[in-house]
Amino acid sequence: MGGLRIKTLSPAKGRTLFIGDVHGCAKELEKLLKAFKKKKRDRIIFVGDLINGGPKSTRVLEIARDLSAKSVLGNHEVRFLRARKAKNKSYLKRKDREAYESLSKADWKWINAWPHLIHIPESKILVVHGGFDPAVKWRKQDEDMVTQIQVITQKRKPARRATVPRGAPWADAWEGPEHVIYGHTPRPHPLLHAKATGLDTGCVYGYALSAISLPDHTIYRIPASRAYYDD
């Protein structure tokens, strides 16, 4: 656990495309970007978990860097960084090893510079990987919370869906005023809450890679070529 690194951005002069969890699915990312037809004034922001699970983590990072894209840290990037810092691969899951070993020095340096949170004040938008405890001010939350929360219990305590399968989505209880764009909770279609938008549509599990463009509110959804990962 640790304090949040927050990146503050000004509104884009063009559109902003927010992309859900890619997890190494480079083919689907390329198709999504082709559908978006990025123009010079547009920008790209990822909600974290660009790596791990799919076949081409390094290619995804290459694409993102070439676009001068921004990203927040996802729980997979946090886990990899902790293992690297501690020089201890016991932090990793068995299926993490291939992606972990594939990353270059440039990849590690770039990932290490990502914030936990992107704030676009004028647009009242927050970008985060997992989400927030609705009972705590967003600036007061920690790394584990913002990268791992998925649901809240009946007593309104934060939890992961795996441990509390009947928990309510944290975003249902989020009252803003900022609108949160997040990932980490895979569903077949984007989750559209009153004050939050969930973009993880489980591409790595064989569903789709999704994104939303603002201010036009266009949703892009590219079906996965196949299931790459079975968690």
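Guide: Contact means heavy atoms within 4.5 Å. Helices (H or I, at least four residues) and strands (E, at least two) are DSSP runs, numbered from the N terminus. This is a predicted model: local features need pLDDT of at least 70, side-chain atom pairs count only at pLDDT 80 or more, and totals for chains, interfaces and linings use all residues. Residues are numbered from 1 along each chain as its sequence is written, and side-chain values use heavy atoms, leaving out hydrogens and water.

Visitor: How are H3 and H5 oriented to each other?

Guide: Axes are lines fitted to C-alpha atoms, for helices over the stretch in contact, and angles run from 0 to 180 degrees between N-to-C directions. Helix H3 (residues 75–86) packs on H5 with axes 11 Å apart, at about 115°. Angles under 35 degrees count as roughly parallel, over 145 as roughly antiparallel, 65 to 115 as roughly perpendicular and the rest as oblique. H3 and H5 are therefore roughly perpendicular.

Visitor: Which residues of H5 meet H3?

Guide: H3 brings Glu-77, Phe-80, Leu-81 and Arg-84. Their partners in H5 are Trp-108, Ile-111 and Asn-112.

Visitor: What is the orientation of H2 to H5?

Guide: The axes of helix H2 (residues 57–66) and helix H5 (residues 105–112) come within 11 Å and cross at roughly 60°. That makes H2, relative to H5, oblique.

Visitor: Is the crossing of H2 and H5 left-handed or right-handed?

Guide: A crossing is left-handed if the near helix is turned anticlockwise from the far one by less than a right angle, and right-handed if clockwise. For H2 and H5, the crossing is left-handed.

Visitor: Which residues of H5 make the contact with H2?

Guide: From H2 come Thr-58, Leu-61, Ala-64 and Arg-65. From H5 come Ala-106, Asp-107, Trp-110 and Ile-111.

Visitor: Which residue in E4 stands opposite Phe-46?

Guide: Strand E3 (residues 43–46) pairs with E4 over two bridges, in the parallel sense. Opposite Phe-46, E4 places Ser-71.

Visitor: Which residue in E12 stands opposite Leu-191?

Guide: An open sheet of six strands runs E1-E5-E6-E10-E12-E11. E11 and strand E12 (residues 196–198) pair in the antiparallel sense over two bridges. Opposite Leu-191, E12 places Gly-198.

How values were computed:
Two strands pair if DSSP finds at least two bridges between them.
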